[in-house]
Amino acid sequence: MFSDRIEGKWIARFAELFAQSGVETGDEIVVLSETQSRNINVHLCELALVQLGAKPLHVVVTTPAQTAVVPIRSTGASAALGYHKPAMAALSFGGLVIDCTLEGLLHAPELAVILKSGTRVLMISNEHPEILERIGIDTKLKDRVKAGMKLMRNAKHMHVTSAAGTDLHINLEKSVVGGGWGYTTTPGTITNWPGGLCLAFPARNSVNGTLVLNTGDQNLTFKRYLEQPVHLTLENDYVRAIEGDNLDCQLMRDAISVWQDDDAYATSHVGWGMNHQAKWVSMAHYDRADHNGTEQRVFAGNFLFSTGANEIAQRYSLGHFDIPMRNCSIQLDGKDVVVEGRLEESLA
Ligand SMILES: [Fe+2]
């Protein structure tokens with residue numbers, strides 16, 4: 001679809017992101033990548049940093065051998081670092097690390113050590129630069145995401161419903177709330193570009209009810225729109241029934257069962273998208289290799305449900321589904337946050 005040559009407009013967009021993340025002339029910056037990273041993005045990082053007068057250093061680790069029988073996708077837990085000592089030393093320096101690993105460091109086991117040094121990490125999603133160019137950087141997103149996170153943090157209960165039959169209850173007490181808007185200037189923090197997500201990792205035994213994945217909802221592990229509805233029944237966080245006489249259901253059942261790990265059936269995170277630049281339909285425009293579904297995770301008003309690892313509930317499965325759902329309504333302690341897929345006024 002694309003000719004992967006460097007474009008000036010992409011350097012400009014990356015430079016805009018880095019400037020928003022506090023990069024100044026003379027700053028020493030580490031660009032982390034792995035041998036299978038999207039090379040054009042790694043290259044764009046370097047050129048944009050140089051354009052800003054910064055001094056980039058590339059740290060490139062080898063993409064590790066596969067350990068699983070199916071591809072590990074969209075976990076946000078890169079295994080590329082493997083506590084490599086010289087790499088860890090280079091990353092733990094208290095400045096800015098730009099993370100171009102395939103999965104990203106967000107849930108990597110080494111992240112805490114890196115952040116503790118005061119380093120801030122800017123994850124660039126494994127998206128084609130055309131996607132990053134189009135979504136860009138929205139400086140209004142920060143306040144809106146923060147407002148959403150505050151609502152979630154102050155709430156005890158999330159209720160998700162839809163005309164398709166979803167009726168899911170989530171206890172938010174003891175959950176850990178997160179969110180991001182795509183850039184950061186704060187030492188010891190990590191963010192992901194493109195951003196625009198408010199999410200919570202619920203504590204154990206917090207999620208119960210029915211989730212009806214409807215036509216047009218997306219399973220981002222497969223980078224696929226669902227064509228037929230799939231009914232999920234959740235009991236104390238775990239998907240205990242996956243029902244539907246269709247291919248989407250078969251794919252989901254198979255891809256979870258292959259892990260032979262009950263925690264692959266459990267709830268990972270729940271939340272909603274806030275980014276107005278991100279569009280539900282865009283996945284239909286791209287070849288699969290050109291995108292990684294970040295846009296779909298953050299499009300405004302989606303309810304994002306996911307299965308798999310949840311550190312707050314002490315579950316560490318490698319299986320992970322991120323499923324953005326359209327046309328859902330989300331209430332926090334009885335107050336509307338999203339109504340039939342549209343953000344409520346104060347968050348819109
Ligand atoms: Fe996820």
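I note for all entries that the model is predicted.

**Entry on helix H1.** I checked the length of H1, residues 8–20, against expectation: at 1.5 Å a residue its 13 residues should span 18 Å, and since the end C-alpha atoms are 18 Å apart, the two figures agree. I then listed the buried residues of H1, which are Trp10, Ile11, Arg13, Phe14, Ala15, Leu17 and Phe18. In an α-helix there are 3.6 residues a turn, so residues three or four places apart point the same way. Looking for what these buried residues of H1 pack against, I found H2, helix H5 (129–135) and strand S8 (190–193).

**Entry on the nonpolar core.** I turned next to the largest nonpolar core, which holds 89 residues, and saw that Phe14, Ile98 and Phe303 touch the most other members. Helix H1 gives this core its largest share, 6 residues, and the core draws at least three residues from each of domain 1 (8–124) and domain 2 (138–343). For Ile98 I wrote down the contacts, leaving aside residues up to four places away in sequence: Ile29, Val31, Leu32, Cys45, Leu122 and Ile124.

**Entry on strand S1.** I asked myself why S1 can be called largely enclosed by the rest of the structure. The reason is that 6 of the 7 residues of this strand, which covers residues 28–34, are buried. S1 pairs in the parallel sense with strand S2 (residues 55–61) over 7 bridges, and the chain passes from S1 through helix H2 (residues 39–51) to S2 in a β-α-β crossover that is right-handed. S1 also runs parallel to strand S3 (residues 96–99), to which 4 bridges join it.

**Entry on the two domains.** I finished with the domain assignment of the chain, which gives domain 1 (8–124) and domain 2 (138–343), and I noted that their C-alpha centres lie 25 Å apart. Their contact takes 25 residues from domain 1 and 21 residues from domain 2. On the side of domain 1 that touches domain 2, H1, helix H4 (111–116) and strand S4 (120–124) each supply at least two residues, and the largest share of that side, 5 residues, comes from S4.

Definitions and conventions:
Residues are numbered from 1 along each chain as its sequence is written. This is a predicted model: local features need pLDDT of at least 70, side-chain atom pairs count only at pLDDT 80 or more; totals for chains, interfaces and linings use all residues. A nonpolar core is a set of buried Ala, Val, Leu, Ile, Met, Phe, Trp, Tyr and Cys residues joined through C-beta atoms within 7 Å. A residue is buried if 20 or more other C-beta atoms lie within 10 Å of its own, exposed if 12 or fewer, and partly exposed in between; C-beta atoms are placed from the backbone. Domain bounds come from an automatic or database domain assignment. Two residues are in contact if their C-beta atoms, placed from the backbone, lie within 7 Å. Two strands pair if DSSP finds at least two bridges between them. A crossover is right-handed if, with the strands pointing away from the viewer, the path from the first strand over the helix to the second runs clockwise. The expected span of a helix is 1.5 Å times one less than its number of residues.
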